[in-house]
Amino acid sequence: AAVVDSLVRAGERWSRFSPDMMRALVGHLNVTAPRVVWREGDGPPDSGRDALPDDPARARDGAAAFGAGRMHRRAGAFAIVAATLPAPTPGTPRIVTVMLHDGTGRRDLHALAPLLDGALRAQLRQLGSYDLTDVGLGVIIRNEHVPDDDAARATGAAALVRGTITAAADHVVADAAVYDARHGAATPVHAEAPTAGAPPLPALAMTLAGPLARAVAAAVEGSASGSSRRP
């Protein structure tokens, strides 16, 4: 099933789902037949079993977050998790970090992406009081190719960041896009870190995280007052 495959892929690669997220997924997922049956108006007759049998309204909420025509009948892990997230706390903007894609093609840099994700989150905590969503949510968004606007609206995020890491002969590059939920636009961010002298990966991650964190904080300051979940 698509949902199970997504969870397995994410778990095998990073194993970063928090206990709360796993409880939400396991508690609301029927792994034997992960199909959602919509009971909206005069639609087609129900068929199959509910993926969320204990609370079908949660499934409908998840579908609504994607907008008309964007939700498959087969429930995705993102729709399930997004439907269980509480609304952001007023005055504490929510930020979604999607682990950057490793485009270096180098085994010695394979661990840089998760290190950068951790460094980015650490620097964001230093820059302000933000609600940083679970790392596992970013994994699901990336695995299921959820668009920025859908991800931000469904989670109530003020900003979302994702991108790619590449490598040159003497430096590594992080090219990211910071999505501003209020304005519905993404701002490109470019960061570089020299690799001369073979610096440790955590140091490279911290260098790359600086420009990304400042760009995310700037987007949040401009969008926090207008960020909200889609009704």
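The legends below describe several close-up views of one predicted model.

In this predicted model, local features need pLDDT of at least 70 and side-chain atom pairs count only at pLDDT 80 or more, while totals for chains, interfaces and linings use all residues. Residues are numbered from 1 along each chain as its sequence is written, and side-chain values use heavy atoms, with hydrogens and water left out.

**View 1. The chain and its elements.** The chain holds 8 helices and 6 strands, where helices (H or I, at least four residues) and strands (E, at least two) are DSSP runs numbered from the N terminus. From the N terminus on, these elements follow the order α-α-α-α-β-β-α-β-α-α-β-β-β-α. Of the 231 residues, 46% count as buried, a term that means under 20% relative accessible area, with a 1.4 Å probe and protein chains only.

View 2. Helix 5 (residues 112-127) has 16 residues and reaches 22 Å from its first C-alpha to its last, close to the 22 Å expected at 1.5 Å a residue, a span taken as 1.5 Å times one less than the number of residues. Among the buried residues of this helix are L112, P114, D117, R121 and L124.

**View 3. Helix 4 packed with helix 6.** Helix 4 (residues 77-84) and helix 6 (residues 135-143) pack at an angle of about 145°, with their axes 9 Å apart; the axes are lines fitted to C-alpha atoms over the stretch in contact, and angles run from 0 to 180 degrees between N-to-C directions. A77, F78 and V81 in helix 4 meet L137, I140 and I141 in helix 6, contact being heavy atoms within 4.5 Å. The residues of this contact divide into 6 nonpolar, no polar and no charged, where Ala, Val, Leu, Ile, Met, Phe, Trp, Tyr, Cys and Pro count as nonpolar, Asp, Glu, Lys and Arg as charged, and the others, Gly among them, as polar.

**View 4. The largest nonpolar core.** A nonpolar core is a set of buried Ala, Val, Leu, Ile, Met, Phe, Trp, Tyr and Cys residues joined through side-chain atoms within 4.5 Å. Of the 34 residues in the largest one, L116, L124, L208, L212 and V216 touch the most other members, and the largest share of this core, 11 residues, comes from helix 8.

**View 5. A191 in strand 6.** A191 lies in strand 6 (residues 185-194) and is buried, with a relative accessible area of 3%. Although A191 and L212 are 21 residues apart in sequence, they are 7.3 Å apart in space, C-alpha to C-alpha.

Key
Buried < 20%, exposed > 50% of the residue type's maximum accessible area, 1.4 Å probe, protein only.
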